[in-house]
Structures are given as C-alpha cells and as structure tokens.
Amino acid sequence: MIISRVISKVRQALGQTESAGDNTIQARILKRQEHGISRDDISENALKVLYRLHKSGFQAYLVGGCVRDLIVGLRPKDFDVVTDATPEEVKGLFRNCRLIGRRFRLAHIVFGREIIEVATFRGHHQSGDESKHEKLGEQNVEGQIVRDNVFGSIEEDAERRDFTVNAMYYNIADYTVSDFANGMQDIRNKKIELIGDPETRYREDPVRMIRAVRFAAKLDMSISDRAAKGIHDLHGLLANIPPARLFEEVLKLFVSGQGLKTFQLLLEFQLFEQLFPQLKSHLNDPHGRERKFIEQVLTNTDNRINTGQRVTPAFLYASMLWYPLEEHCEKLMQESGLTRHDAFNIAMNDVLHRQIQRIMIPKRFSTGIRDIWQLQERLPKRFGRRAYQMLENPRFRAGYDFLLLRGQIEGGKLLELADWWTDFQEADGNARKAMLVALREAEGGGPRRGNRRRKRRTQPASQ
C-alpha cells in the first residue's frame, strides 16, 4: 500500500532516523513548565473520559487541535481523545457512548450538548489488513483513503497525523506532552508544516489542503514551501471529496472569526474555485464588485463571530452565489425570452443544483438561501400594505441586511432602496404613512384615492 511505502519519508519529515532494531519514532517529552497546559483549561467532560480510560488500564491522551490551541493560548472548541482501547472497549466503559462512522470508526461520548470524540490509535495500512467480514483499510486508485480502521501504536498514530502542530499528545497519566514531529518548534516558528511527502498525504485526503489554509489563517502562521507547492499542484483533487463531507469542512473555513483571511488564502492557492466553481470567472478582478461584496460579507461575519453574535450558513452561501444567480437569470431572459420572475426562479434552482454537486447544502439552509434571494425581488415593491407585511416576514432582517450590503457595494438606486428601508424600520406609524405617500407621489402615482364601496345592483323584477 502507498502509506507503508512512504513511512521512511514520513520519519524523515519528522526529523527521526531508523535503526536496524527499532522502526518506531521517538517523541520529545515536554513537561508542564514547557508546554504550559493547565487542567483548568480542559473541559471537565474531557477529563472524565481521560481519567476513566486511564483508570481502566488504557492509555489516554488529548490530541490534535485542542492541544495545539491550549499551547498557543486559544480556547479549544472541541476536545478530542485518543487511546489504545478499541471503539467497542470504549463503548463498554461509557453508557453515554455511541459508535459512529464507517470510513473512520469513532466513539462519541455525549454529555448533554458536548460530545467528546474518542479515536483508537491509527496504524499503517498493510496489504494483508483484511478480516473475514470487511477490509479494515482501503485506498482508491488515486491514493485516497476510503476506509481507515487499522489500529496501531501511538507512534504509528503520530506518523498518520496531517501537520506537525497536530501531532502532540497530552498524557493524563503524568501531564506531559509527547511531541513526535517537532510541532512545538513549528509553533514557535509560526509555520504550518505537513508530515510526510506532500503529494502522498494530499492524495490520501485532499481535505488536508483546505485544513492547511484554515490553520494558517486561524493561528496567523504561514504554510511551509513544501506543503504549499503540493497544494498548487494538487488542488483539483478536492473534486473527489463527497459533497456531504465538504459542507462541514467549508463551514469551518468561514465561521472561525478569520473568514476574510481564509478567503484570501483560498484564492491564492486556487482552492476557492474548487469549492465554488460557478464563481471562477467572477473573481478575476481583485477590485470587482463580486470580490468586494464577498470580502465585505466575510468582514461583517468575522466581526459578528468575534463579538459573540450568531451567523447563519444560509446568509454566507446566499452571498457567495448571488452574482452567479444574477448572471444566469439575465442569460435566461435574453436567450429564452422569459419574464424576470420566471427566469429568477429557474436560475435559483439551477445555481443551487450546481453548487450541491460540489458542496451538499442541507435543506434547512437551502430554504433560507432561497428566502434571502426572493426578498431581493420583493423589497423594491413597497406600495400599500406590502411594506408592512414585509416587516413581519421572519426572513426580513436577513433579506434587508443582504440588500444593504449590495447597496454599499453597488451604490445608486440600490443604496437608495436600502436607505429607505432603514428609515422605514425606524419610523413611527405616522411617519411610515407619510413615507409611503411620498413614495407613491415620487413614482408619479399621485395621492391614493380611498376605496369607494359600489352600490349593490339590484336585479329588475321579472315581468
């Protein structure tokens, strides 16, 4: 298998050497004063899992992003545990455990809204890794891992990690950190370095390319030259990733509080066009309205996230796909002679259908996307009761925010319309009536006459 053939390259990247009698890598053990991690900063539920595994005779470590974030002074969103216990053994220790996954067999231990993910040490794929019932490890013809339930040692697990800063293990037994890949040094050097041969590792899992970008933006680090070259050469492999998996991965890119910087790095490495193919021709001009619009949306999103406010994926996707929608709508009107209303509805379906071929968007979000788009067609129609009814629409605020951003980028009548809605929301009852009267007069309709009741016509008596 491909993985087993590159173990020596992996060890070379880890800065380790092999000896005739020992094929395992050695970790640098960091004591508490060297890594600075305090148990006070670790989730109580993660500690419960770690201690129960340890007291039951198993090895138990925090691993990956949570260890990295604790070292650099960030608050981890999730705490992942790795152990030598199999998923079934983990389930036997925790009544609140459920086993998930086919490609990667994992244990999820549920504490209310918090889930502690527990994985078994991964091993290397060998040609004989088969059981009577299933093949435990499998790769496709392009080298991508499609099943990975080969278990091994902590040293093998470290060799299987993606980046050096993620190959550090916090040991609950003695509170040390095992650093297998010089991750601490790369943190000091502010560098994202890939473990092993870039082509092999990116082929195993192309998602590692967008993870490299996400970590670089989040941690304010640079991607090493060797890791970056691999991304430039292999970014097209992202087309092989199932759309359902990409939804969560892409969401992480833009809701981390560094969405703008992440977007700029995705463009630099030609990854954004792999995720949003319909936008490829819209972002060539760095000063174009399409790029300015997306950058403003992401700037606002970053501000909301960093001040503790909520964001919805529907708004982000509606923003990303707005200009492809407008372009497709205009094309349908010109080529097919459709009305604006019909062309717009067909274009919405077409644009969303094309996007979900690359990134699956759950219905609860695709419905929100459609609502935001449709409001852009309805917000210009303000006469009579429509303006009041619009304020009662549950999606009004999202649609208005979207319109306001469009107005700020494009100006002109669009900005005037957005400003009108801003004033209308803030006005009292009499002021709103006056605004609607002034609007009708400005449109040339004159003051609206009151409805007069027509007299009921009586039938003549039959003769």
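Analyst: Helices (H or I, at least four residues) and strands (E, at least two) are DSSP runs, numbered from the N terminus. Residues are numbered from 1 along each chain as its sequence is written. The model is predicted, so local features need pLDDT of at least 70 and side-chain atom pairs pLDDT 80 or more, while totals for chains, interfaces and linings use all residues; side-chain values use heavy atoms, without hydrogens and water.

User: Which strands does helix α5 lie across?

Analyst: Axes are lines fitted to C-alpha atoms, for helices over the stretch in contact (heavy atoms within 4.5 Å). Angles run from 0 to 180 degrees between N-to-C directions. Helix α5, residues 65–72, lies across β2 (60–63), β3 (80–83) and β9 (168–171). Its angle to β2 is about 65°.

User: In what order do the strands of the open sheet stand?

Analyst: Strands of a sheet pair through backbone hydrogen bonds, either parallel or antiparallel. Two strands count as paired if DSSP finds at least two bridges between them. Here 8 strands form an open sheet with mixed pairing, ordered β1-β10-β9-β2-β3-β6-β5-β4. The edges are β1 (28–30) and β4 (97–100); each has a single partner strand, so one side of each lacks a neighbour in the sheet. On average, neighbouring strands are turned by 30° against each other, direction ignored.

User: In which sense do β1 and β10 pair?

Analyst: The sense is antiparallel, over 3 bridges, with β10 spanning residues 177–179. One of the residues to look at is I29, whose bridge partner in β10 is S178.

User: How do α18 and α19 pack?

Analyst: Two packed helices are described by the angle between their axes and the distance between the axes. For α18 (residues 340–356) and α19 (residues 363–378), the angle is about 155° and the axes are 11 Å apart. That makes the two helices roughly antiparallel (under 35 degrees is roughly parallel, over 145 roughly antiparallel, 65 to 115 roughly perpendicular, the rest oblique). Residues making the contact include F344 and M348 of α18, and I369 and W373 of α19.

User: Is A216 buried or exposed?

Analyst: Buried means under 20% relative accessible area, exposed over 50%, partly exposed in between (1.4 Å probe, protein chains only). A216, in helix α10 (residues 207–219), has 1% and is therefore buried. Leaving out residues up to four places away in sequence, A216 touches I192, M221, I223, K261 and L265. From A216 to K190, 26 residues apart along the chain, the C-alpha separation is 8.7 Å.

User: How many disulfides are found in the whole structure?

Analyst: A disulfide is a covalent bond between the sulfur atoms of two cysteines. With the cut-off at sulfur atoms within 2.5 Å, the search finds 0. C66 is buried at 3% relative accessibility, and C329 is buried at 0%.
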